[in-house]
Every structure is written in C-alpha cells, then in structure tokens.
Amino acid sequence: NLKEKKLTILIAPTGSGKTEFAILWGAGEKLLYTLPLRSAVNQIFSRFEKIYGEENVGLLHSDADLYLLEERIKDIEDEDVALANALRTYETARHLSYPAIVSTGDQFFPYALKPPLYERIYVTALTSAFVIDEIQAYDPKAMAIATRFIEEIVSLGGRALIITATFPSFIEKRLKETLGNNS
C-alpha cells in the first residue's frame with residue numbers, strides 16, 4: 001500500500017501522468033506540491049484550481065502575489081475586488097491554510113537548515129502529502145538541501161513523493177543510506 005510507504009519515488013517519462021499519480025497518492029490529505037520553476041508552478045496551480053476548485057488551492061513563490069493579481073484581474077472587472085481576492089489567496093497560502101498548495105521548492109526546502117520558526121513548516125509537511133516534482137532541475141546546493149528536507153520529514157514520520165523523468169543516482173543512494181526501509 002503506497003499510503004504506508006514513507007517515501008515513494010516515481011520515475012516516468014514526461015507526459016506519462018506523474019502529476020495525476022501525485023494527486024491520487026495524496027488524495028484525502030493536505031497536498032503540498034513543489035516544483036523548481038515558477039512558470040511550471042503557475043501552470044500546475046491553474047490545473048489544480050480546475051481539479052480542486054479555486055477556493056481550495058494556494059500558490060507560493062517569490063512573485064505569487066503579482067501572478068495572482070494578474071490572473072484575478074482577467075476574471076473580475078472591479079480592480080479592487082480582484083486585488084482583494086489576490087491578496088486573500090496569497091495570504092491564506094502563506095499561512096499554509098489551503099487543502100492543496102503549489103509552490104517552488106525554495107518555500108519549503110531551506111527549512112532543513114533550521115532557521116527560526118522552522119517548526120511550523122515541519123508540522124505542516126509532516127501532516128501533509130508532500131510532493132517534489134522534477135528534483136533534478138535544482139542546482140546542486142538546492143538538491144542537497146531538498147534531499148535533507150526529505151530525509152528529515154520522512155524520518156519524523158511524514159510522507160513524501162518524488163516524481164521525475166530523470167532521477168540522479170547520488171540522491172537515490174543518499175536516501176537509501178539514510179532512510180533504509182522507510183523508502
């Protein structure tokens with residue numbers, strides 16, 4: 001049963017349904033879905049809004065507030081209402097309050113370095129289905145920090161899913177060494 005596994009890794013070609021697998025894997029739980037690039041995050045966010053409903057999906061990345069404002073203005077004539085909707089969506093996502101949140105990895109992974117208030121991110125990640133998409137697209141330092149974040153979440157009892165078209169063997173080796181049977 002995949003729900004019992006602490007770490008699941010799915011390696012499959014582009015266009016083979018990895019995102020849909022992640023949605024099914026996290027069904028019934030809060031879903032935190034990370035990608036390395038803002039443009040990809042924005043695309044998945046739009047897809048998730050159609051699947052989960054606009055009121056159930058949050059967006060986190062460095063320009064999320066601007067992206068949300070642009071998108072909301074397209075849908076609503078009244079700029080004040082669009083601004084209020086965009087800010088509400090962004091603030092709610094910042095507080096990790098949506099059932100599904102799509103984010104760049106930099107909104108979560110640096111907490112493996114234990115900055116102040118890291119516990120809030122850990123608690124949320126531990127009680128969520130945490131998805132890392134396209135881990136190989138991060139630079140080496142970011143990959144190392146992401147790997148450490150995954151190790152900590154899984155060793156503390158959380159669940160993580162890595163979905164990717166190509167999986168660096170050194171990450172696989174590291175995860176097997178540190179997590180053993182949890183992966």
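**Figure 1. Secondary structure of the protein.** Seven helices and six strands make up the secondary structure of this protein, shown here as a predicted model. Of the contacts between residues at least 6 apart in sequence, 73% join residues at least 24 apart.

**Figure 2. Overall dimensions and surface of the protein.** The C-alpha trace spans about 55 × 40 × 30 Å along its principal axes. A compact globule of 183 residues would have a radius of gyration near 16 Å, and the protein, at 16 Å, therefore agrees with that value. Of the 183 residues, 45% are buried.

Figure 3. Strand 5 covers residues 128-133 and is mostly covered, with six of its six residues buried. Ser128, Phe130 and Ile132 point one way from the strand. Ala129, Val131 and Asp133 point the other way. Residues of both sets are buried, Asp133 and Ser128 among them.

**Figure 4. Pairing of strand 5 with strands 2 and 6.** Strand 2, made up of residues 30-35, runs parallel to strand 5, and five bridges join the two. One of the residues involved is Thr34, whose bridge partner in strand 5 is Ile132. Strand 5 also pairs with strand 6, residues 159-164, again in the parallel sense and over five bridges. Here Ala129 has Arg159 of strand 6 as its bridge partner. The two residues of strand 5 named in this view, Ile132 and Ala129, point opposite ways from the strand.

Figure 5. Ile121 belongs to helix 5, which takes in residues 118-126. The relative accessibility of Ile121 is 3%, so this residue counts as buried; the cut-off for buried is under 20%. Apart from neighbours within four places in sequence, Ile121 is in contact with Leu96, Phe108, Tyr111 and Phe149. Gln107 lies 14 residues from Ile121 in sequence, and their C-alpha atoms are 9.3 Å apart in space.

Key: Residues numbered from 1 in each chain as written. Predicted model: local features only at pLDDT ≥ 70, side-chain atom pairs only at ≥ 80, totals over all residues. Heavy atoms only, no water. Helix = DSSP H or I, 4+ residues; strand = E, 2+ residues; numbered from the N terminus. Rg over C-alpha atoms; globule rule 2.2 N^0.38 Å. Buried < 20%, exposed > 50% of the residue type's maximum accessible area, 1.4 Å probe, protein only. Contact = heavy atoms within 4.5 Å. Pairing = 2+ DSSP bridges.
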